[in-house]
Amino acid sequence: MTRTAVYPGTFDPLTLGHLDIIRRGSRLADRLVIGVTTNPSKTPMFSTEERIAMVRQETADIGNIEVVGFDSLLMDFAESQGASMILRGLRAVADFEYEYQMAGMNQQLNDRIETVFLMADVCLQPIASRLVKEIARYGGDIHKFVTPAVAGQVAERIGQKGQRG
Ligand code: ADP
């Protein structure tokens, strides 16, 4: 039996925290599907296609990963992928309330799929995409939080915006 896990997220942009969860998750599952959400409510810096490409490029060295965009109910997406697990990363207390509620409601929607929480390396826990973007917008160095390629893409995107005024 192939054990498939889905790791959903916005990944706007992909951080070292996400990558750490992905590496840990890839060891738990035979097949790890990274679901990149459209999430228009968050008005992302990068389009869904750009985020999919970014995640693909940074996980190319891990064998059992697939990166897929999705725009539906998470449980429907997980079911369509044949997943038995949903992976989420948990950072200290900040994520708990939201994740607890979401896992509880998802359990009501589909009790056959288990939500599994993973903890990133302690040093990587404070990293959040939102703060990475904020630091970059103010000219701060984000190389401790994202890969060099992602840092380049963020800098380029902020530069483009700056030029447009
Ligand atoms: P979402 O919009 O679904 O919260 P994110 O891209 O912000 O998407 O996060 C995807 C998942 O990765 C979430 O479960 C989030 O808690 C987790 N995550 C993000 N950053 C970290 C980190 N630094 N350490 C551990 N988990 C993280």
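Predicted model: local features only at pLDDT ≥ 70, side-chain atom pairs only at ≥ 80, totals over all residues.
Helices (H or I, at least four residues) and strands (E, at least two) are DSSP runs, numbered from the N terminus.

Residues are numbered from 1 along each chain as its sequence is written, and side-chain values use heavy atoms, with hydrogens and water left out.

Now the ligand. There are 20 residues around the ligand, and Y7, T10, K42, G89 and I127 come nearest; near means that a heavy atom of the residue lies within 4 Å. By type, this shell holds 8 nonpolar, 7 polar and 5 charged residues. Here Ala, Val, Leu, Ile, Met, Phe, Trp, Tyr, Cys and Pro count as nonpolar, Asp, Glu, Lys and Arg as charged, and the others, Gly among them, as polar. At least two residues of the shell come from each of β1 (4–9), α1 (16–28) and β4 (85–89).

For G89, a backbone N or O atom is 2.7 Å from an oxygen atom of the ligand. At I127, a polar backbone atom lies 2.9 Å from a nitrogen atom of the ligand. The ligand taken alone exposes 550 Å², and the protein buries 91% of that (Shrake-Rupley method, 1.4 Å probe).

Next, the loop between β1 and α1. F11 is placed in this loop and has a positive phi of about 55°, although F11 is not a glycine. D12 and P13 are joined by a cis peptide bond, with omega about 0°, and P13 lies in the loop as well.

Last, charges. Side chains of opposite charge can pair when their charged atoms come close. The structure holds 9 salt bridges, each a side-chain nitrogen of Lys or Arg within 4 Å of a carboxyl oxygen of Asp or Glu. One of them joins K133 and D12 at 2.8 Å, N to O. That pair links distant parts of the chain, 121 residues apart: K133 is in helix α5 (residues 129–137), and D12 is in the loop between β1 and α1.

Note on methods
Polar contact = N/O pair within 3.5 Å; in protein donor to acceptor, adjacent residues only side chain to side chain.
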